[in-house]
Amino acid sequence: MKKLRALLFSLISVFLLVGVVGCSSGESSKETSGDGKDEKVEIRFTWWGDTKRHELYNSIVDRFEEKYPNIKVKREFGGWPEYWEKLTTQIAGGNAPDVVSMHQFYVADYARRNALLELSDYVKENTINQGDFPESVVNSGKVDDKLYMIAQGVTMSGLVYNKKLFDDLGVEYPKQGWTYDDFTAKVKELKAKGIWGVQDFSGGQLQPNFRYFARSNGEDLFTEDGKLGFEKETLVKWWTMWDELRKAEAIPDAATGTEYESAPLEQNLFVTGKTAIHQIPANQLYLYQQQFKDGELEMVSMPTLDGGKQGEYIEGAYLSITEKSKHPKEAAQFINFFVNEEKALELFKVEQGSPGSTKMADFVKPLLEPAQTKAVEFIQSAVNNASTAPYSPAGVTELEAAFKDSASAISFGKMSVEEAADQFMKQAEGILK
């Protein structure tokens with residue numbers, strides 16, 4: 001599947017090149033959209049998430065359809081890895097949904113392959129209202145100074161743990177401002193108490209885990225001009241740290257890690273009590289708290305290298321319209337409803353972070369559960385140390401697949417750390433050319 005995903009994404013530019021030659025984004029071949037009140041149309045909306053999010057988003061869509069009875073919204077959703085695999089296939093095949101959930105890590109790749117619609121005109125005519133969005137949040141949706149995403153929520157990553165479990169084990173809580181040396185020591189201490197400290201985060205997504213490590217080392221995943229932003233030595237240090245934890249049996253073995261890799265939230269290693277610490281975006285804290293009837297969850301920042309820089313950067317969840325949407329006007333109306341209407345935000349609250357609109361952020365504050373309030377406080381605190389991060393270049397999906405494959409080769413004992421790092425750096429050079 002990993003190789004298939006990479007192959008499919010590499011084909012996107014071929015499909016889109018044909019599409020661009022035949023019909024540019026401004027060409028009149030798109031169906032004329034109405035004002036959202038007369039013409040009966042159907043748009044498709046897709047998102048990633050767990051069971052709870054599916055229920056929540058369906059409720060928001062129901063409210064949109066109540067306000068706009070002429071617009072029917074077909075809903076599509078799935079878990080994180082499956083979502084991107086399916087979207088890649090749909091875009092390559094020319095049958096992607098109208099409104100798609102988008103992420104900062106992938107947007108540049110899609111935008112630069114002409115897969116997303118530029119949204120400035122819909123903002124100018126106020127179909128999408130960004131009047132209450134801070135400039136930094138608006139700009140976070142731009143690639144090459146063109147607007148491709150509208151922020152649903154802004155968040156930050158961190159590590160979560162159950163205070164009661166640590167109390168029962170007699171282990172001190174992780175502390176804010178801890179280092180990777182502190183982190184590895186804590187993971188080994190938990191193993192000595194009979195539980196895996198954390199799941200294996202050596203591979204999978206390049207961000208946020210490895211990205212924080214690289215940024216703490218004064219580097220990043222990418223440079224502004226789309227090249228790799230870190231040296232091989234940094235990658236060797238990262239994979240060596242995880243390899244040593246694996247050999248100490250302080251993290252799950254490769255087979256167990258693979259088994260749980262795509263597990264939904266309610267069945268993952270942390271929720272089922274097999275690991276004691278877990279990496280999550282802060283907006284998911286309340287979803288995890290709902291799974292723990294016994295014990296209060298807390299979050300700490302991602303570690304830093306000893307003497308290194310803070311690795312924090314602003315993350316977020318966004319909505320985009322695909323370039324080949326036949327009903328972009330209605331799609332834009334849907335996005336506007338999702339991010340600006342109280343009827344939507346009283347359900348969404350901080351599902352994928354603090355709302356992009358400051359007006360809506362103020363609106364939801366009295367509606368939050370304790371765990372959601374705690375997440376907002378964590379985000380606000382972490383933002384003080386955050387800085388911008390370069391967008392991912394075209395080819396990031398293939399790059400991430402190569403990263404995951406090399407990390408997996410280490411975990412299954414098929415390659416040494418040095419061999420895997422050499423392999424990845426060579427592959428990355430070819431992908432990013």
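**Contacts, sheets and aromatic packing in the predicted model**

Asp 243 touches Ile 410 and Val 417, leaving aside residues up to four places away in sequence; contact means heavy atoms within 4.5 Å. Asp 243 lies in helix 10 (residues 232–247). Asp 243 is buried, with a relative accessible area of 12%. Buried means under 20% relative accessible area, exposed over 50%, and partly exposed in between (1.4 Å probe, protein chains only). Helices (H or I, at least four residues) and strands (E, at least two) are DSSP runs, numbered from the N terminus.

The structure is a predicted model, in which local features need pLDDT of at least 70 and side-chain atom pairs count only at pLDDT 80 or more, while totals for chains, interfaces and linings use all residues. Residues are numbered from 1 along each chain as its sequence is written, and side-chain values use heavy atoms, with hydrogens and water left out.

Strand pairing was examined next. Two strands pair if DSSP finds at least two bridges between them. Strand 1 and strand 2 (residues 71–78) pair in the parallel sense over 8 bridges. Arg 44 stands opposite Lys 74 in strand 2.

An open sheet is formed by 4 strands in the order 8-9-7-10, with mixed pairing. Strand 8 (196–198) and strand 10 (297–300) stand at the edges, each with a single partner strand, so one side of each has no neighbour in the sheet. From one strand to the next, the twist averages 25°. Axes are lines fitted to C-alpha atoms, for helices over the stretch in contact, and angles run from 0 to 180 degrees between N-to-C directions. Strand 7 (residues 157–162) pairs with strand 10 in the antiparallel sense over 4 bridges. Val 160 stands opposite Met 299 in strand 10.

A search of the whole structure finds 44 aromatic pairs. Rings of Phe, Tyr and Trp (its six-membered ring) pair if their centres lie within 6.5 Å; planes under 30 degrees apart count as stacked, over 60 as edge-to-face and the rest as tilted. Phe 45 and Tyr 57 form a stacked pair, at 6.1 Å centre to centre and 20° between the planes. Phe 45 lies in strand 1 (residues 41–48) and Tyr 57 in helix 2 (residues 51–67), so the pair ties together parts that are 12 residues apart in sequence. Phe 45 is buried, with a relative accessible area of 0%. Tyr 57 is buried with a relative accessible area of 0%. Phe 270 and Phe 292 form a tilted pair, at 5.3 Å centre to centre and 50° between the planes. Both Phe 270 and Phe 292 are buried.

One aromatic cluster includes Trp 178, Phe 210, Trp 238, Trp 239 and Phe 403. Phe 210, Trp 238 and Trp 239 are also among the residues with the most contacts inside the largest nonpolar core, which has 108 residues. A nonpolar core is a set of buried Ala, Val, Leu, Ile, Met, Phe, Trp, Tyr and Cys residues joined through side-chain atoms within 4.5 Å. Phe 210 touches Leu 221, Phe 230, Thr 234, Leu 235, Trp 238 and Phe 403, not counting residues up to four places away in sequence. A second, separate core of 19 residues includes Leu 265, Ala 282, Tyr 286 and Ala 382.
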